[in-house]
Amino acid sequence: MFRSRSDHERGGFSAALELIRRVSGLSWAFLTVVRSGDHKYYHLAAASENVPDGLPYKFPMASGLAGWLHTKLKPLSIDRLKADNRNSFIFQKNEPIKGFRSFYGWPVMYNYQPRGALILAGAEGETLDPALYEVMECVVDRLAAQFHMDRLILKVMELDKIDSQSGLSHRAHFLENLDQMVKAADLNGQSLDLFVLATTGLDAYSVEYGHAAAGELLKSIAGQLKAGLKSSWKLGHVSQGVFALAVPSSDAPESRSLIAKFKKQLEDWPMPDASGRVELGLYPALASYPQDGSGPEELLEIAFTALADSDDDDEEDDDE
């Protein structure tokens, strides 16, 4: 039907959609997507090349004829639409697409779940031939499989950035995030604080209750720390039981408050499925950009050095 091509060969959904429009003989073509877990809106993923500017990319789920597809999850075929019909718009009232008189749409489904919709619209006298209608049904099935594959690829890409032990960014991905924050700080003339947060007690817990139980405890701890983050902060698991938190220095009061609260939570962490408390603790260390280092790796090493120095000081105090 049409050959799949990579994006750098002018492939992808936009090129495929333009080909679908030309084969159909209609004037306009659209492809929408429904994001996982979003039951309020559908999104315009691609449109044919002749669609006028000014069309938004996000619409309420029940908006327009396209909304009917996304809510009813049934194909819709209108060979002739009256100009004065109160529903004579594809996506929303007063949209820049004018003069369409035929509408054809198919919900894109996979495993009984909506993934989006394929929409075609024609001007006066443009209708979809019955044979081509069947062809478009085959196209919809192909799009459903592609949508599903794209979701799997995105999931794999996301998992590749995540440390399986904690569910947080692993060291390499955290450093990538930190590098982006450093560049943004340079542009804005701002500074950053990098905290290394070393937890204690996990090794002893693992010895007593097993590796699997310790893994579950680590994930719970990481989830507790992540829950208090602001959207502009970055968190990672950079070593066993050691977290790294990067924040703009202007957020110092909030970040220090979060760390103090997290430390208190660790010291009062309940035993899973039992009475008593887990013996946990927290040792924080800080490095600041640009005062202490010029890049992500150097900042992290400086923070680790500060952490080691604080451990040595604690040991000396214990000896005295």
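1. Buried residues account for 40% of the 320 residues in the protein. The model is a predicted one. The protein contains 8 helices and 10 strands. Of the contacts with a separation of 6 or more, 60% are between residues 24 or more positions apart.

2. The aromatic residues come next. Across the whole structure, a search gives 7 aromatic pairs. One of them is formed by F30 and F91, with 5.0 Å centre to centre and 85° between the planes. This pair is edge-to-face, because planes over 60 degrees apart are classed that way. F30 sits in strand β1 (residues 28–33), and F91 sits in the loop between β4 (76–78) and β5 (102–110). The two are 61 residues apart, and the pair links distant parts of the chain. Both F30 and F91 are buried.

3. F91 also pairs with Y42, at 6.4 Å centre to centre and with 40° between the planes, and this pair is tilted. Y42 belongs to strand β2 (residues 41–47), while F91 is in the loop between β4 and β5. Here too the pair links distant parts of the chain, the residues being 49 apart. Y42 has a relative accessibility of 0% and therefore counts as buried. For F91 the relative accessible area is 0%, so F91 is buried.

4. What is the wider grouping around these rings? F30, Y42, F59 and F91 form one aromatic cluster.

5. I20 lies in helix α1 (residues 12–24). I20 is buried because its relative accessible area is 4%, under the cut-off of 20%. Along the chain I20 and F30 are 10 residues apart, and 9.7 Å separates their C-alpha atoms.

6. Helix α2 (residues 64–72) has these buried residues: G64, L65, A66, G67, L69 and H70. Which strands do the buried residues of α2 pack against? They pack against β1, β2, β4, β5 and β6. After α2 comes L73, which has a positive phi near 55°.

7. Helix α5 (residues 202–209) and α6 have axes that come within 7 Å and cross at roughly 145°. The crossing of α5 and α6 is right-handed. On the α5 side the contact is made by L202, Y205, S206 and Y209; on the α6 side it is made by H211, A213, A214, L217, L218 and I221. Sorted by class, this contact of α5 with α6 has 8 nonpolar residues, 2 polar residues and no charged residues.

8. Helix α6 (residues 211–227) also meets helix α7 (residues 252–267): their axes come within 10 Å and cross at roughly 150°. The angle is over 145 degrees, so α6 is roughly antiparallel to α7. This crossing of α6 and α7 is right-handed. I221, Q224 and L225 of α6 make the contact with L258, F262, Q265 and L266 of α7. By class, the contact of α6 with α7 has 5 nonpolar and 2 polar residues, and no charged residues. I221 of α6 is listed in the contact with α5 and in the contact with α7.

9. Some backbone details deserve a check against the model. Most residues other than glycine have a negative phi, and most peptide bonds are trans. N94, which is not a glycine, has a positive phi of about 60°. N94 lies in the loop between β4 and β5, the loop that also holds F91. With a relative accessible area of 75%, over the 50% cut-off, N94 is therefore exposed, whereas F91 is buried.

10. Y112 is another residue other than glycine with a positive phi, near 65°. Y112 is located in the loop between β5 and β6 (113–122). Is Y112 buried or exposed? Y112 counts as exposed because its relative accessibility is 75%.

11. A cis peptide bond is found between Y289 and P290, with omega about 5°. P290 is in the loop between β10 (281–289) and α8 (296–319).

Methods:
Residues are numbered from 1 along each chain as its sequence is written. This is a predicted model: local features need pLDDT of at least 70, side-chain atom pairs count only at pLDDT 80 or more; totals for chains, interfaces and linings use all residues. Side-chain values use heavy atoms; hydrogens and water are left out. Axes are lines fitted to C-alpha atoms, for helices over the stretch in contact, and angles run from 0 to 180 degrees between N-to-C directions. Helices (H or I, at least four residues) and strands (E, at least two) are DSSP runs, numbered from the N terminus. Angles under 35 degrees count as roughly parallel, over 145 as roughly antiparallel, 65 to 115 as roughly perpendicular and the rest as oblique. A crossing is left-handed if the near helix is turned anticlockwise from the far one by less than a right angle, and right-handed if clockwise. Contact means heavy atoms within 4.5 Å. Ala, Val, Leu, Ile, Met, Phe, Trp, Tyr, Cys and Pro count as nonpolar, Asp, Glu, Lys and Arg as charged, and the others, Gly among them, as polar. Rings of Phe, Tyr and Trp (its six-membered ring) pair if their centres lie within 6.5 Å; planes under 30 degrees apart count as stacked, over 60 as edge-to-face and the rest as tilted. Buried means under 20% relative accessible area, exposed over 50%, partly exposed in between (1.4 Å probe, protein chains only).
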